[in-house]
Amino acid sequence: GGSNHADMLSEHLFFAGFWEPALVALILDHLRPGDIVVDVGANAGLVTAVAGRVVGPEGRVYAIEPDPRCLERLRDTVRLNQRDGPFADVSVKPVAAARAQGRVRLYAHR
């Protein structure tokens, strides 16, 4: 359940200016220490941060984010959370996820 996990969510999750309680509750209810997580479209790292806390140092998180504008925030989120206590081994991948290998143009909302 989510209520026991409230203390592990640091202020670092709020820096992006949003909060998704239903998504966080889903993560807290289904992930366990040692799990492996793939966060496709990691954006600023909300799911990466919550999952990284839950799966802990025994787990692993792959954060996939193709938008260069989001990568700096994502990497900051990971760094801040790694500094803040037990956290997963996180691998940030600056790529897009697709069915086939190749190159595509990334269209970003301005």
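What is the mean pLDDT of the protein, and what share of its residues reach 70 or more? The mean is 84, and 82% of residues reach 70 or more, with pLDDT being the predictor's confidence in each residue, from 0 to 100.

This is a predicted model, in which local features need pLDDT of at least 70 and side-chain atom pairs count only at pLDDT 80 or more, while totals for chains, interfaces and linings use all residues. Residues are numbered from 1 along each chain as its sequence is written, and side-chain values use heavy atoms, with hydrogens and water left out.

Over residues 1–12, pLDDT stays under 50. The model has 15 contacts beyond four places in sequence for that stretch, a contact being heavy atoms within 4.5 Å. Where pLDDT is low, the predicted coordinates should not be read in detail.

Now the sheet. Three strands form an open sheet, ordered β1-β2-β3, with parallel pairing. Strands (E, at least two residues) and helices (H or I, at least four) are DSSP runs numbered from the N terminus, and two strands pair if DSSP finds at least two bridges between them. β1 (36–40) and β3 (89–93) are at the edges with a single partner strand each, so one side of each has no neighbour in the sheet. From one strand to the next, the twist averages 15°. Strand β2 (residues 60–64) is joined to β3 by five bridges; R60 has D89 in β3 as its bridge partner.

Next, the helices. Helix α2 (residues 46–55) lies across β1, β2 and β3, at about 170° to β2. Helix α3 (residues 68–83) packs on the sheet and touches β2 and β3, its direction making about 170° with that of β3. Axes are lines fitted to C-alpha atoms, for helices over the stretch in contact, and angles run from 0 to 180 degrees between N-to-C directions.
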